[in-house]
Amino acid sequence: MRILGIDPGLRVTGFGLIEARSHSRTLEYITSGSISSRPQDPLPLRLKSLFDGVSEVIERYAPEIVAVEIVFVNINPQSTLLLGQARGAAIAAAVARDLPVAEYTALQIKQAVVGHGHASKQQVQHMVMRLLQLTALPGTDPADALACAIRHAHEQHGLTMPAGLLAGLKMKGGRLIWK
């Protein structure tokens, strides 16, 4: 199953595409990146650029499902509303192409990828790199999107972290660090 993960943002929306193979219980990295909107543009144009960018990724890579991070409630209500609109643009792009959409909280995503829900962005980046056997650390927005896709793979295909994946890492003060 091809899964497109989306980390919505008004300025930058991260995307990451993986393939989950339930018969071999493996994940394969396909692509990742980010879609940006121009801060100087009016809000409707920024939302259109995010919608168009997600639509282009969908057309190019043909995912079977889209997994989107649920917006957290921010201290600043205006920021939360803007983030929710960016999320809506991404979801609209998926449903406009008749794709199902799965939604996960940041806590659920971090638990699936790192093993606890209060992981830092750097921990998520490192675990995504290890889980997908990437040669370099992905950027924070693409890493969060890939983590969302990985969470969906865990949910739908019962995938677990491979044995030995955490070798060389230990928990210290609630953080994963290299031994």
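**View 1. The largest pocket of the predicted model.** The largest pocket has a volume of about 480 Å³. A pocket is an open set of points on a 1 Å grid over the protein atoms alone, where a 1.4 Å probe fits, with protein on both sides within 12 Å along at least five of seven lines; its volume is the space filled by probe spheres set on the points. The lining, meaning residues with an atom within 4 Å of a point, has 21 residues, and Asp7, Pro8, Phe72, Leu83 and Lys121 lie nearest the centre. Eleven lining residues are nonpolar, three polar and seven charged. Here Ala, Val, Leu, Ile, Met, Phe, Trp, Tyr, Cys and Pro count as nonpolar, Asp, Glu, Lys and Arg as charged, and the others, Gly among them, as polar. At least two lining residues come from each of α2 (77–95), α3, α4 and α5. Helices (H or I, at least four residues) and strands (E, at least two) are DSSP runs, numbered from the N terminus.

**View 2. Thr80 in helix α2.** Thr80 has a relative accessible area of 18%, so it counts as buried (under 20%; exposed is over 50% and partly exposed in between, with a 1.4 Å probe and protein chains only). Leaving out residues up to four places away in sequence, Thr80 touches Val71, Phe72, Val73 and Asn74, where contact means heavy atoms within 4.5 Å.

**View 3. Helix α4.** Eight of the eleven residues of α4 are buried, so the helix is largely enclosed by the rest of the structure. Among them are Gln123, Gln125 and Arg130. Just after α4, Gln133 has a positive phi of about 55°.

**View 4. The largest nonpolar core.** Such a core is a set of buried Ala, Val, Leu, Ile, Met, Phe, Trp, Tyr and Cys residues joined through side-chain atoms within 4.5 Å. Of its 25 residues, Ile3, Ile18, Leu27, Val113, Val128, Leu132 and Ile150 touch the most other members. Helix α5 (140–157) is one of the elements that give two or more residues, and α5 gives the most, six. Another core, of 20 residues, lies apart and includes Leu17 and Ile58.

**View 5. Confidence along the chain.** The average pLDDT, the predictor's confidence in each residue from 0 to 100, is 87. Helix α1 (residues 43–61) has the highest mean, 98, and strand β7 (residues 175–178) the lowest, 44. Over residues 159–171 pLDDT stays under 50. Where pLDDT is low, the predicted coordinates should not be read in detail.

**Notes.** Residues are numbered from 1 along each chain as its sequence is written. In this predicted model local features need pLDDT of at least 70, side-chain atom pairs count only at pLDDT 80 or more, and totals for chains, interfaces and linings use all residues, while side-chain values use heavy atoms, with hydrogens and water left out.
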